[in-house]
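Biologist: Could you take me through this one, starting with the surface?

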Amino acid sequence: MSAPTSDELRRWRRHLADERAEAAVYRDLASRRTGEEREILLALAEAEGRHASHWEELLGEHVGEPRRGDVRFRVLAWLARHFGSVFVLALAQRAEARATYEADVDATPTMAADERIHEEVVRALATRGRNRLAGSFRAAVFGANDGLVSNLALVIGVAAAGTSTSVVLLTGLAGLLAGALSMGAGEYISVRSQRELLAASTPSPDAAEALPHLDVDANELTLVYRARGMSAEDAQQRADEVLADIALLGPASREFHADTRVEEHEAVGTDVGAALSSFCFFASGAVIPVLPFLLGLEGGVALLVAMVAVGVALLATGAVVGLISGGPPVQRALRQLAIGAGAAGVTHVLGTIFGTTLG
């Protein structure tokens with residue numbers, strides 16, 4: 001076997017450093033988890049360790065001093081140690097998606113396949129986190145973005161009509177308060193209604209008390225399971241099991257076999273909490289276009305500062321959405337900016353038209 005070239009040594013060392021760094025990310029994430037998630041993350045770290053061993057064997061005596069991994073893995077490791085949140089898992093998912101072992105002649109097909117499976121494992125773990133924060137994250141992003149875009153559009157539209165700075169400021173503050181109240185009220189009604197629907201769909205615990213007194217021959221319990229989506233055969237089998245167990249164990253088995261729990265596929269927060277968070281997030285976004293006027297700036301300077309500030313905020317929220325969704329953050333950020341600019345442009349044109357007409 002010929003001696004490895006300098007290019008090969010550099011590439012192998014880079015792969016080794018990245019695998020070690022990636023394993024460290026998963027170990028750091030596991031340190032902040034318990035139970036099944038911890039076991040899965042430690043298993044991923046072990047798999048990355050096997051990949052690192054492959055590059056160590058290839059390097060042999062040329063392994064050299066340990067090198068630092070790619071900057072993205074170093075950032076991930078720092079985030080994992082200090083936060084360990086779904087954001088880190090989403091970033092790890094993107095890192096796994098960028099694996100290039102398919103194109104590397106020195107990586108085995110098994111290693112390339114491992115990386116693709118690792119991406120799906122991390123995606124599933126990240127999905128758990130996304131589901132846990134789905135309600136609050138939706139309220140935060142929607143509220144802040146609505147406040148940013150709607151109030152910027154309102155301020156620009158009124159300013160374009162040629163109104164004074166005091167009127168623009170008053171309009172912006174009115175838009176902030178009206179929008180925040182509307183968002184809060186809407187979120188309260190939405191979550192309240194959803195909780196009421198879930199409560200109405202949850203089987204009554206009183207049904208458990210009736211189980212020991214059912215007519216075994218008629219077995220009405222079969223109808224319950226069929227109504228819940230089981231086939232006739234499965235429903236009959238389930239009902240027979242429940243009644244047989246009740247006959248064997250007595251009332252102690254009622255609650256366990258009542259089967260009255262309904263799985264909730266999404267977390268539903270409290271109505272008041274959702275309303276307050278929507279109010280605050282909308283207000284936090286809506287105040288940004290008004291801040292330059294509150295700080296004493298006037299005219300075009302105030303509008304320019306407001307547009308720049310809102311643009312930066314839209315880029316930030318778009319990037320966060322991209323990161324947590326596993327999508328490209330730059331693309332999501334530019335999309336948010338384009339939407340905000342489009343809304344502001346439309347209201348500026350309308351404000352100019354109405355200002356000219358009414359003037």
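Modeller: Val-346, Val-349, Leu-350, Ile-353 and Phe-354 make up a nonpolar surface patch, and together they have about 470 Å² of accessible area. Areas are Shrake-Rupley values with a 1.4 Å probe, where only the protein chains shown count as cover for residues. This is a predicted model, in which local features need pLDDT of at least 70 and side-chain atom pairs pLDDT 80 or more, while totals for chains, interfaces and linings use all residues. Residues are numbered from 1 along each chain as its sequence is written, and side-chain values use heavy atoms, without hydrogens and water.

Biologist: Where is Val-349 placed?

Modeller: Val-349 lies in helix 14 (residues 329-358), helices being DSSP runs of H or I with at least four residues, numbered from the N terminus.

Biologist: And why does Val-349 count as partly exposed?

Modeller: Because its relative accessibility is 47%, and the class lies between buried, under 20%, and exposed, over 50% (1.4 Å probe, protein chains only).

Biologist: Switching to helix 12, where is the kink?

Modeller: The kink, of about 45 degrees, is at Ile-288, shortly before Pro-289; the bend is the angle between axes fitted to the seven residues ending there and the seven starting there.

Biologist: Which residues of helix 12 are buried?

Modeller: Among them are Phe-282, Pro-289 and Phe-293. Just after helix 12, Gly-296 has a positive phi of about 100 degrees.

Biologist: Are Trp-55 and Tyr-101 buried or exposed?

Modeller: Both Trp-55 and Tyr-101 are buried.

Conventions. Patch = residues over 30% accessible without salt bridge, like charges linked within 9 Å, V, L, I, M, F, W, Y side chains within 5 Å. Salt bridge = Lys/Arg side-chain N within 4 Å of Asp/Glu carboxyl O. Helix = DSSP H or I, 4+ residues; strand = E, 2+ residues; numbered from the N terminus.
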